[in-house]
Amino acid sequence: MNAPDTLPAQVPPAPVHDRLPLSFTGSGGAYFRIWIVNVLLSIVTLGIYSAWAKVRRERYFLNNTVLDRSPFEYHADPIKILKGRLLVVSVLIVGNLASKFNPFLNLLVSVIFLVLLPWMISRAMRFRAHNTSWRGLRFRFTGTAGEAAKAWILWPIAAGLTLGILTPYALAAQRRYLVNHLRFGNEDFEVDLPVGPIYRMLLGAGLVFILVVAAFAALGISTVMFGSARAVGPDAQRMAVMSSVGFVVIGVYVGLALIAPYISVRLTNLVLNRSNLGDHGFLSQMRARRYMFIVLTNWLLTAITLGLYRPFAVVRLHRYRVEHIAMLPAGSLDDFVAVQEAEVRVLGEEAADLLDIDLGF
């Protein structure tokens with residue numbers, strides 16, 4: 001009787017997690033070394049090195065952003081980034097020179113720039129998606145210039161004509177354009193984004209802004225009253241009034257500084273929590289107060305250190321954003337990536353063309 005053949009070893013299936021949080025493995029010290037070299041070489045080369053600096057920066061942050069034990073990767077060619085920057089700088093120089101000869105020429109250049117803006121946005125998004133990959137599989141962006149014009153030109157004009165009432169529709173259209181035209185392999189990202197939560201978000205931000213400005217205005221009025229009581233002569237009273245105006249201006253800046261990160265957090269949470277990649281979902285749990293605290297203390301420490309804290313601030317904020325985002329897998333990501341790789345091989349991977357340049361958007 002022959003001995004039974006040895007059965008092949010069974011490879012256990014990869015565990016399926018309910019939640020796969022992103023993580024960031026970089027550090028402020030490591031990025032400081034990249035940042036200081038980038039700054040010095042960009043200055044010495046009169047800005048030409050900034051294209052290579054961007055590639056080094058993007059690679060550092062993506063290569064240290066990890067999902068399910070695999071980092072993202074960045075593949076951009078610095079030459080294409082340099083071409084895009086030279087194009088934008090050329091337009092700015094032509095517009096500036098045109099304004100010296102005739103103000104109407106400057107207006108014409110501005111109109112041309114506005115007309116080209118949707119094309120530039122679509123190209124920039126395509127460039128970034130094509131040069132980003134995870135597990136060897138690249139992202140893709142299929143948005144057109146016409147669709148970008150609706151989101152970035154027509155809807156903002158409509159919002160302006162209605163005194164801001166349609167602003168949530170403009171914000172929703174822009175996020176839908178960015179998400180619904182993004183692909184990973186051959187699978188589409190999708191977002192179901194209603195405008196009701198955006199209205200509530202902007203109303204909350206507006207209330208915070210009004211309260212901050214009112215608080216500084218009250219402080220300014222108190223200063224005027226106190227100054228008027230003690231002022232002797234018109235110059236002293238004029239100084240008291242100017243001080244009160246200064247408090248209001250400071251209040252406007254502080255109010256904007258507070259609501260900008262608030263809107264960023266709430267909008268990011270809203271978009272990611274309503275987005276999906278096929279059957280896989282996403283979860284973002286950033287807190288507005290914590291995010292605002294990080295932003296404000298980053299500004300303070302950067303000012304105190306005369307800018308040297310800047311790379312640590314960028315890493316600190318990036319780490320907070322990344323580590324509060326998770327993927328909600330509907331199954332094995334290994335199987336999902338294998339299917340996408342097979343479909344991309346069948347269809348042929350889309351290559352970047354000569355017009356795929358980075359325009360800084």
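Reader: Is Ile112 buried, partly exposed or exposed, and why?

Author: This is a predicted model, so everything here is computed from predicted coordinates. The general idea is that a residue is called buried under 20% relative accessible area, exposed over 50%, and partly exposed in between. Ile112 has a relative accessibility of 44%, so Ile112 counts as partly exposed. Ile112 lies in helix H4.

Reader: Which residues make the nonpolar surface patch?

Author: The patch is made by Val89, Ile93, Leu97, Phe101, Leu105, Leu108, Ile112 and Leu116. Its area is about 770 Å².

Reader: Where does UniProt place the feature "transmembrane region"?

Author: The unreviewed UniProt entry places this feature at residues 30–52, 104–121, 152–172, 198–227, 239–263 and 291–309. Such annotations may be inferred rather than shown by experiment.

Reader: How far apart are the end C-alpha atoms of residues 104–121, and what is the helix content of that span?

Author: The ends lie 26 Å apart, and the span is 100% helix and 0% strand. For residues 30–52, the end C-alpha atoms are 17 Å apart, with 78% helix and 0% strand.

Reader: Now salt bridges. How many does the structure hold?

Author: A salt bridge here pairs a side-chain nitrogen of Lys or Arg with a carboxyl oxygen of Asp or Glu within 4 Å. The structure holds seven. One of them joins Arg319 and Glu323, whose closest N and O atoms are 3.8 Å apart. Arg319 is partly exposed because its relative accessible area is 26%, and Glu323 is also partly exposed, at 37%.

Reader: What is the distance between the closest N and O atoms of Arg135 and Asp334?

Author: That salt bridge has its closest N and O atoms 2.5 Å apart. Arg135 lies in the loop between strand S5 (132–134) and strand S6 (137–141), and Asp334 lies in helix H11 (residues 333–347), so the pair ties together parts that are 199 residues apart in sequence. Asp334 counts as partly exposed, because its relative accessibility is 35%.

Conventions
Residues are numbered from 1 along each chain as its sequence is written. This is a predicted model: local features need pLDDT of at least 70, side-chain atom pairs count only at pLDDT 80 or more; totals for chains, interfaces and linings use all residues. Side-chain values use heavy atoms; hydrogens and water are left out. Patches are made of residues with over 30% relative accessible area and no salt bridge: like charges are joined within 9 Å, nonpolar side chains (Val, Leu, Ile, Met, Phe, Trp, Tyr) within 5 Å. Accessible areas come from the Shrake-Rupley method with a 1.4 Å probe; for residues, only the protein chains shown count as cover. Helices (H or I, at least four residues) and strands (E, at least two) are DSSP runs, numbered from the N terminus. Buried means under 20% relative accessible area, exposed over 50%, partly exposed in between (1.4 Å probe, protein chains only).
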